[in-house]
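Dear colleague,

I am passing on to you the structure shown here, and below it you will find notes on what came out of going through it. Please read the notes with the model open beside them.

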Amino acid sequence: MEERPKISRTQWLTFGLFFILAIFVVRLFYIQIIEHDKYAVLADQMQINKRTINPERGEFFVRDKDGTLTPLVLNQTVYTVFADPTQINDIEKIRNLIQQVAGGQAITKNFDKLNDTSTQYVVLARQVTHTQAEQIRDADLAGVGLQATSRRVYPEGSLAAQTLGFVNVDGEGQYGLEQYLNQELTGEPGVLQSVTDVRHIPLTIGAHDVSIPAKNGTDYVLSIDRGIQANVERVLADGLAKVGATKGSVVVMETGTGRIVAMANLPSYDPASYNQVTDAAIFQNTITMRPYEPGSVIKPFTIGAAMDVGSIGRYSTFHNTGCVMIADARICNLSRQFDGQILDMTEVLRYSLNTGVVWALEQMGGGDINLTARQRFYDYLTEHYRFVQKTNIEISGEAIGLIMQPDSPNGAKVTYSNMTFGQGLNVTMIQVIVAFAAAINGGTYYQPTLILGTINKNGELVEQKPKTIATDILKPEMSKNLKEMLRAIRSENPYTLQFDRGYYVGGKSGTAETIDPATGKYGGPTIGSYLGFIGDETGEPKYAIMVRVDDGHVAAGSTTGTAAAQPIFDEISRFVIDYEGITK
Amino acid sequence: MTKNHQQFISTRKRQLATASPGAWGRNQNLTSFTSGTRLGPIANVVLIVLLVTFLGLLYLTQLTKTSTFGYEMNRINVEKSQLAAEQNDLKLENARLQSLMRVQDSAVAAAMTTPVDTSYVE
């Protein structure tokens, strides 16, 4: 009888199967237990999709006369249409569809690249709207994709362009409010992380789901009034055209709050097409970024300072000699018809007498332009009127200007004499108008602002309160005197009366000489300015207006201050009176 | 044995023999029944496999159901985005139509004339 093997074939098979099973078990143990972390990471990389949710940039709104909010800057989602030549099937169909749907936004020169399979990204159209994108998506063409981006849209075109600034291709605000408020406008990105299927559609499973919504940027309501702003831009353009000028600026401010209701510069640009601007200087807001010698619009500040320290009074008189010698410099008046007369301070302002304000400065030093006089005047310019300081208006790149120290060794007397009538110092229009508002409103300096408030989650306006910086710019009595003196300049002038129609309007013109780059001395083209205010029937100032015309051409014997800048002020003040319903 | 206590002795010897010592004691009127049908090891394995399969299917059903919600949420989100985009386009169009430039260039504005003479009510 044949001896049976100790281990049968069935048992061998069983052992073999168990051995193979053991290999699997060991391998699985290695993968699942020992190498768990490594494979978990690999799995997460394949299954978990994490993407950033871009916040929506804050938008800008302005007020209308009735308080209605009107959009000035909005966002629009637009799409870039691209194709992957390695994935497409029907080139002709793609060409036809893109041309038909995208029209002018199609980049036809790129159509030839659809045959080039060495690249996987060919842009077929840019800035395609949502409706157009839907048509392309509905066509369901293989290898054609859409990439969403956001762009700024300006329904009012170039209105307040330099005030707004623009947003570059990287989504960064440039110039103006866009740059100054970039952080607040940008918001904070959110995160969406979840397990997705092969089409990257999020599935509601897994412990790795994260959903942090994006925090959109703040929406701002500007203090700018759309009606006034549009009118100011129109009047400025007309005014510049009349005197053959190309550069000019106007700012209109509420004297009791510091809110800017209009801020215009010419030449301007369309922020939607900022990349077509060839001269970057056009982006600059002249009102806040370009200090200049403002000329005689500074005279009210000189008279105000001298009255405030008690050196002179409103009715103080001086003997007008037409010219005065200060050190080795001869300072004369432009108009010589009042030579030899005894004149008071209102007449000094009315006839814009340089000798009169130099005399006022002398009185601050006890009859001489000594260090005391210069120090006092310097204190008023820098501490009271806050020149050579940022006003902190919400425009990026604000300049501070320059004023020589009172103890400068060379030419301080002459320089300070010149400063009394607005030469030899550099200030910005925004510094001047804010200080002017403070000087005539009783002495309260409000921080100038372009922001009326923000829009909350419920779509309601949350108003920002005016910010008081100082209340002692001038004593109330001196402020009142100065205001009445400025009003008298216009109310006793038949020409300006026709514009003012009995309303409480005051102001002062100024024409500044500029340095001729060829000679390095005064003799360049003049810059005309006008600084004034509108008050109600009680004389309470409501609006301050400042005009600047850089390169006007006026008739011989006229000045750009009175012939170029003042007519613009007259027109704007009349409009604002009617528009705002100011009483008399 | 005392007279005061009655004693019951079961006649089911086999069952008594298999009973655990702790379950039986004096004066305890207990009995135990055991089914005659016994499951073998294969049947046990099959039952366990069936149970695991059932639980697995239950889990998969719930998982699929949850995933379906994910697709539904995604569909609603896409729809929401599209509606938001349409709303935004309408908002833009509205703003453009109400812009001052548009109003100035309108037929109504073109038909306006400058008054020959203006007088103000005092």
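**Cores, a covered helix and the chain contact**

In the largest nonpolar core, which has 117 residues, the members that touch the most other members are L222(A), V250(A), V251(A), V252(A), A262(A) and I433(A). A nonpolar core here is a set of buried Ala, Val, Leu, Ile, Met, Phe, Trp, Tyr and Cys residues joined through C-beta atoms within 7 Å, and a residue is buried if 20 or more other C-beta atoms lie within 10 Å of its own, with C-beta atoms placed from the backbone. Helix α15 of chain A (residues 429–440) gives this core its largest share, eleven residues. A second, separate core of 16 residues includes Y79(A), V101(A), L114(A) and A125(A).

This is a predicted model, in which local features need pLDDT of at least 70 and side-chain atom pairs count only at pLDDT 80 or more, while totals for chains, interfaces and linings use all residues. Residues are numbered from 1 along each chain as its sequence is written, and chains are lettered from A and ligands numbered from 1 in the order in which they are written.

Helix α12 of chain A (residues 354–364) is mostly covered, with ten of its eleven residues buried, among them W359(A) and E362(A); helices are DSSP runs of H or I with at least four residues, and strands are runs of E with at least two, numbered from the N terminus.

Where the chains meet, 20 residues of chain A and 21 residues of chain B take part in the contact, two residues being in contact if their C-beta atoms, placed from the backbone, lie within 7 Å. On the side of chain A that touches chain B, the largest share, five residues, comes from β3(A).

Best regards

Conventions
A residue is buried if 20 or more other C-beta atoms lie within 10 Å of its own, exposed if 12 or fewer, and partly exposed in between; C-beta atoms are placed from the backbone.
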